[in-house]
Amino acid sequence: MTNTTTDIAADTTTTEAVAADITADAEATAQNLRTDAPLGRSAVYTILTTGYVGSTGPGVAATVSYVSDAGRHFIFDPGMVASHADILGPLAELGLGPDDITDVVLSHHHPDNTMNAGLFGRARVHDHQVEYQGDQWTNRDAEGYELTPSLRLIRTPGHSHEDITLLAGTDSGVVAFAGDLWWHAQGPADDPVAPDREVLRTSRLRVLAAADLIVPGHGGPFAADGAVPL
């Protein structure tokens, strides 16, 4: 004879165990996403020029940013602009010239985001898998790579296969310099360039979990909240 009470109790125990496993997995995933954020909070940044594309401007220009931490000076995505002065002018207002820049970070290798990297000839250049300087080439994976205690790179493929995001810990929160993971505050939700829509969405969710503010590839910064296109 089957002991119905015992079976029900066993089923209940199994269901509870499965639910506990699912909850633990979800919590572990959330914790992993939270650990993407750098531990330090000493980085400072300035958006040198706000970019635009098609419907938001007369052509295409990159959002180019300056970030500093631990005595190092970074330029993120020195891409297409109407004039070199759009980058160098605001930089000069900070008391800096091209030779003061120690590092350039490229979110990916599309020319509209890399066009003016050559302005900073003394800088070390970082992408998804290599650091370049002068005639030296050093292989390293960008995933989790700490540039300084307050600056971390993570891989965020979607717009292209090689996309990376720079996470900057500042005194007001974590700022994600995300390249073309988003072009601007409106997305686009369906990136026509993205080779894999689900990979793009996964990377967007990862950045949203770690950041308070997002600096996109071709627009002004926006809050990492529920209004962000996925």
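The side chains of Asp-69 and Ser-42 are joined by a polar contact of 2.5 Å in this predicted model. Asp-69 lies in strand 2, which spans residues 64-69. Although buried, Asp-69 has no salt bridge; Arg-72, the nearest side chain of opposite charge, is 8.0 Å away. Apart from neighbours within four places in sequence, the contacts of Asp-69 are Ser-42, Ala-43, Thr-148, Pro-149, Ser-150 and Leu-151.

**Salt bridges**

The structure holds nine salt bridges.

| Arg-124 | Asp-103 | 3.2 Å |

The salt bridge between Arg-124 and Asp-103 links distant parts of the chain: Arg-124 belongs to strand 5 (residues 124-126) and Asp-103 to strand 4 (residues 103-105), 21 residues apart. Asp-103 has a relative accessible area of 0% and is therefore buried, whereas Arg-124, at 27%, is partly exposed. Both residues also belong to a network of salt bridges that includes Arg-72, Glu-131 and Arg-140.

Arg-206 has a relative accessible area of 18% and counts as buried; Glu-143, at 35%, is partly exposed.

Six strands make up an open sheet with mixed pairing, in the order 8-9-10-11-12-13. Strand 8 (145-148) and strand 13 (222-223) are at the edges; each has a single partner strand, so one of its sides has no neighbour in the sheet. Within the sheet, strand 9 (residues 151-155) pairs with strand 10 (residues 164-170) in the antiparallel sense over five bridges. Arg-152 stands opposite Leu-167 of strand 10.

**Confidence**

The protein has a mean pLDDT of 89, and 84% of its residues reach 70 or more. Confidence is highest in strand 3 (residues 72-76), at a mean of 99, and lowest in helix 1 (residues 4-34), at 49. Over residues 22-31 the pLDDT is below 50, and this stretch has zero contacts in the model beyond near neighbours in sequence.

Terms used:
Residues are numbered from 1 along each chain as its sequence is written. This is a predicted model: local features need pLDDT of at least 70, side-chain atom pairs count only at pLDDT 80 or more; totals for chains, interfaces and linings use all residues. Side-chain values use heavy atoms; hydrogens and water are left out. pLDDT is the predictor's confidence in each residue, from 0 to 100. Helices (H or I, at least four residues) and strands (E, at least two) are DSSP runs, numbered from the N terminus. Contact means heavy atoms within 4.5 Å. Two strands pair if DSSP finds at least two bridges between them. Buried means under 20% relative accessible area, exposed over 50%, partly exposed in between (1.4 Å probe, protein chains only). Lys and Arg count as positive and Asp and Glu as negative; His and the chain ends are not counted. A salt bridge is a side-chain nitrogen of Lys or Arg within 4 Å of a carboxyl oxygen of Asp or Glu. A polar contact is a pair of N or O atoms within 3.5 Å; within protein, one must be able to donate a hydrogen and the other to accept it, and residues adjacent in sequence count only if both atoms are side-chain atoms.
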